[in-house]
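Hi,

Here is the structure I promised to pass on to you. Have a look at it first, and then read my notes below.

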Amino acid sequence: MKDLTKYRNIGIFAHVDAGKTTTTERILKLTGKIHKTGEVHDGAATTDFMEQEQERGITIQSAATTCFWNDHRLNIIDTPGHVDFTIEVYRSLKVLDGGVGVFCGSGGVEPQSETNWRYANESGVARIIYVNKLDRMGADFYRVVDQVKNVLGANPLVMALPIGIEDDFKGIVDVLEEKAYVWDDSGQPENFEVVDIPADLVDKAAEYRETLIETAVEQDDEVMEAYLEGNVPDLATIKRCIRKGTIDLAFFPTFCGSAFKNKGVQNVLNAVVDYLPNPTEVKPQPEVDEEGKETGEFAHVKTDAPFRALAFKIMDDQFGALTFTRIYSGVLNKGDTILNSFTGKTERVGRLVEMHADSREELDSAQAGDIIALVGLKNVQTGHTLCDQKNPATLEPMVFPDPVISVAVAAKDKANAEKLSLALGKMIQEDPSFRVETDQDSGETILRGMGELHLDIKVDILKRTHNVEVEVGKPQVAYRESITKTIEDSYTHKKQSGGSGQFAKIDYTIEPLEPGSTEKGFEFESTVVGGNVPKEYFPAVEKGFRLSKEKGVLAGFPCLDFKVTLTDGGSHAVDSSAVAFEIAAKAAYRQSMPKAGAQILEPIMKLDVFTPEDHVGDCIGDLNRRRGMIQSQDSTPTGIRIKAQAPLGEMFGYIGDLRTMTSGRGQFSMEFDHYAPCPKNVSEQVIKEVQEREAGK
């Protein structure tokens, strides 16, 4: 069996443009996995293999690859930085043991870095920090370290200091080993010398080394006592303490360099091996029951335990569906039959492959700690648990956010219509944050996603990857409806037409709830005393209202945040039935909701806008026109970051306007925050558009 202590399952994550993919390329080159480095800006990066990634210079889907360093096996996942694809980061972090957070030396801690850091905290993933791009204008290593403390609330343990900055960046000081690494100008990673620390950095390095040792020894009481008595621990002991603190998330070893110029990447690789956990050192995955509650059992990383694995990503390619899987315990062999505990069906494992971006190597078996891809599984989706059929179990599943934006697509002709449904079926499996619905009335296909870019890329994949010609409608905002007043009302359903009739009478109260106070946005309660409405009909009344709330009375959007209390009613010994009470509840909903002050809610987005200083006034003026609420402005060395909230409906096409205002230098990111009531003029416009669409069908 393989030695699990030599395994490192790591992810590389950061904000857009901090240099994750470039760092991954340098790691692959250094470890001998590739022989020519591909550049993102040339569209030649190994892990950016989708056409859309190469054209836009961004990572869209996480790519997995395996390489070796110092006799250790590294399974690496390069994740996207763009906010529309955070789902890829979230599900990658879920199955990783450690991570490398890459921060831009001039941009510092940017909005997406915060989101990714939060995800990593939630998943309990140990991390090291790499401050990249120190050769860039405005780079400042010490400022980024301060931001990690103040913005992320994290504790960076500085392990390296830069020698020179911007154009003069030459190398780094290894604080722990008290040496300096200086690279020449050839751009080759192996062309460096180990020299004495430059005179102007000696004092600073000594100061940081003292802090480093003091922080590290806190991890071991014996070592700390000895240190307080004046005995400085040896290197091996300090490294052992740093490793313990990193795994316990007490601090994050922090390195620096320039991946593009090949400076400082070796030190990051050494740190991955020295300080990040192997699969056996991470808390085992909890097992859950059918309702998602923890059972108290865990999937321990052992090869002699029952087989447990989590499918964390589905990818479709020319050879069929690839299911990326993290094995937590046990062994999996080619030809084994395993159980999908979500569907209750068994699957036969035809082929096991180890991925290197979009190429693969066949394997005969894999074991606990491995990240591999299984070829040709039929009914497995992201988040499903694969397990031993004799010892079934379910691992903690993944939770995905709801989409906030939708667009209607239609196939150009009948031949394309058949291809469209097949292609969408594959795309839904690949991306759980992407949903597809069919509008019952119009028969239109509605795509729902996390943002404009997300849907843009999906339509692009439909056209180019799947060769489906589609026409695309205008993006639609996912509005909701709610009520503002409490109302008491009554409804009687009577139907008599030969044979047995139908009779149901309900008295009820409908009242608004605090926004977001219940997960489902709806509550039902019965306070009926006595047998006016028999108990067995309560569920039918609840069902009637629950089904009705999917279509609001103003414009047909789902209705949120209200409570129905059944107070009284009447029934008939012969003519009453569950169906009669369900029909009564549906009619009662239509009758009462307009009286309860129905209103339209719109999704409010959290914005983070970056603009050069000269254009701040224009940007704020533009956000105000879009009904934005400015919350803060922070100055950075390269410009101003504006944090604001604005309605999604006003943000279409914003990136184009922002770039025009800022001569192409502005950037922004946006994620869903909450729903809020629309102003009257906006809701009138929304209702009018819905009516026009209905009339045009």
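A word on naming: helices (H or I, at least four residues) and strands (E, at least two) are DSSP runs, numbered from the N terminus. This is a predicted model, in which local features need pLDDT of at least 70 and side-chain atom pairs count only at pLDDT 80 or more, while totals for chains, interfaces and linings use all residues. Residues are numbered from 1 along each chain as its sequence is written, and side-chain values use heavy atoms, with hydrogens and water left out.

Let's start with Thr323, which lies in strand 15 (residues 320-329). Is Thr323 buried or exposed? Buried means under 20% relative accessible area, exposed over 50%, and partly exposed in between (1.4 Å probe, protein chains only). Thr323 has 1% relative accessibility, so it counts as buried. Leaving out residues up to four places away in sequence, Thr323 touches Ala311, Lys313, Ile314, Ile372, Ala373, Leu374, Leu377 and Val380; contact here means heavy atoms within 4.5 Å.

Four strands form an open sheet in the order 7-8-9-10, with antiparallel pairing. Its edge strands, strand 7 (160-163) and strand 10 (192-195), each pair on one side only. Two strands pair if DSSP finds at least two bridges between them. Strand 9 (residues 179-183) is joined to strand 10 by four bridges, and Tyr181 has Val194 in strand 10 as its bridge partner.

Finally, helix 8: its buried residues include Thr237, Ile238 and Cys241. Just after helix 8, Leu249 takes a positive phi of about 65°.

Happy exploring!
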